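Subject: Structure for you, with notes

Hello,

Here is the structure I promised to pass on. Please open it alongside this email.

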Amino acid sequence: MNPWLVAAPVALAGVAGFTAYGAVAARSQLFGAAVSGTDHPRKLALTFDDGPNPSITPKLLDLLDRHRAKATFFVVGHWVRSAPSLVRETIARGHVLGNHTDSHPNLFFCGPAECREELERCTEAIQQATSEPPRWFRPPYGFRSPWLGEVVQQQRLHMVMWTLIPGDWRPKPQQWLIDRMKPIAEHAQALGATAPSRPRPAHGDILCLHDGHYALPNADRTRTLAALEYWLPRWRDLDLEFVTMNQMHGKAVEA
Ligand SMILES: [Zn+2]
């Protein structure tokens, strides 16, 4: 039997697996540098994708204010154009905006020109609403491609992934989402332990939640709000500091 008949599918499966890893794994640097943690284990970056959403974002801003927490919002260009005042309000209340493309495609299947256009149009929308270009970018679904890193760099953006993505878009019970967010408290508790069983982590968490839906207007994210209502005071009690992407510096975060 020709060994190539066996070897070729195995090799192809290996390449596909490697490519898929580079495309979605939050810590993979295969397709360009990406921020995948904060620069201190006590710094927690709250990030919200797929807004602005007029039925949820204002409530979220109030909730964050009540807990003196600042966050980073990765907004979708077409929603920015439909709610520019909400985007201005987000900035005015001390939060930071990031680019999450214009129409939220899976960039793994987009060529360089389409990637470029998706990022440019979102930046334009943000700039028109706020007069400030974004510095941060998060790819929809976390999917990257071999040329995305260069496109992001050319547009003077920095790619941001996450350490925890609880899946708040899933139709699951409230308690399920609260439980999925537990690792952040566990990480903070481990830092406080007198004899840590593992070496102290160099980085803190980046939590990825959603205040909108990329295609559906006024998406219901009340479970996300309720889970935050539960965790925000507990995280503060655990001495975590809420930071925006702008409040981190240096190469340390590009781990
Ligand atoms: Zn998204």
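Below is what was found in it, topic by topic.

First, a caveat: this is a predicted model.

**Overall**

The protein has 255 residues, and 48% of them count as buried. Its secondary structure comprises 9 helices and 8 strands. Among contacts with a separation of 6 or more, 76% are between residues 24 or more positions apart.

Start with strand 4, residues 96-99. V96 and G98 point one way from this strand. L97 and N99 point the other way. All four are buried.

Strand 4 runs parallel to strand 3 (residues 72-75), and 4 bridges join the two. In that pairing, T72 stands opposite V96. Strand 4 also pairs with strand 5 (residues 136-137), again in the parallel sense, over 2 bridges. Here N99 stands opposite F137. Between strand 4 and strand 5 the chain passes through helix 5, residues 112-130. This β-α-β crossover is right-handed.

**The zinc site**

Which residues coordinate the zinc ion? They are D50 through OD, H100 through NE2 and H104 through NE2. The distances run from 2.0 to 2.1 Å. Along the chain, the donors follow the spacing D-x49-H-x3-H.

H100 has 2%, so H100 is buried. H104 has 5%, so H104 is buried too.

**Helix 3 and G77**

G77 lies in helix 3, residues 77-82. Its relative accessibility is 0%, so G77 counts as buried. Leaving aside neighbours within four places in sequence, G77 is in contact with T101, D102, C122 and A125. G77 and E124 are 47 residues apart in sequence, yet their C-alpha atoms are 8.1 Å apart in space.

**Nonpolar cores**

The largest nonpolar core has 38 residues. L46 and W235 touch the most other members. Helix 9 (residues 222-237) gives the most to this core, with 6 residues. Not counting residues up to four places away in sequence, W235 touches L44, L46, M181, I184, A185, L207, L228, L240 and F242.

As background, nonpolar side chains in soluble globular proteins tend to be buried together.

**Aromatic pairs**

The count comes to 6 aromatic pairs. One of them is Y141 with Y214. The centres are 5.9 Å apart and the planes are at 80°, an edge-to-face arrangement.

What does this pair tie together? Y141 lies in the loop between strand 5 and helix 6 (148-154). Y214 lies in the loop between strand 7 (206-210) and helix 9. The pair therefore ties together parts that are 73 residues apart in sequence.

Both tyrosines are partly exposed. Y141 has 40% relative accessibility, and Y214 has 27%. Elsewhere in the list, F108, F109 and F143 form one aromatic cluster.

**Where to look**

For a quick pass, go to the zinc ion with D50, H100 and H104. Then turn to W235 and L46 in the largest nonpolar core. Finish with the Y141 and Y214 pair.

Best wishes

Technical notes
Residues numbered from 1 in each chain as written. Predicted model: local features only at pLDDT ≥ 70, side-chain atom pairs only at ≥ 80, totals over all residues. Heavy atoms only, no water. Buried < 20%, exposed > 50% of the residue type's maximum accessible area, 1.4 Å probe, protein only. Pairing = 2+ DSSP bridges. Right-handed = clockwise from strand over helix to strand, strands pointing away. Donors = N, O, S within 2.8 Å, 3.2 Å for Na, K, Ca; no water. Core = buried A, V, L, I, M, F, W, Y, C linked by side-chain atoms within 4.5 Å. Contact = heavy atoms within 4.5 Å. Phe/Tyr/Trp six-rings, centres within 6.5 Å; stacked < 30°, edge-to-face > 60°.
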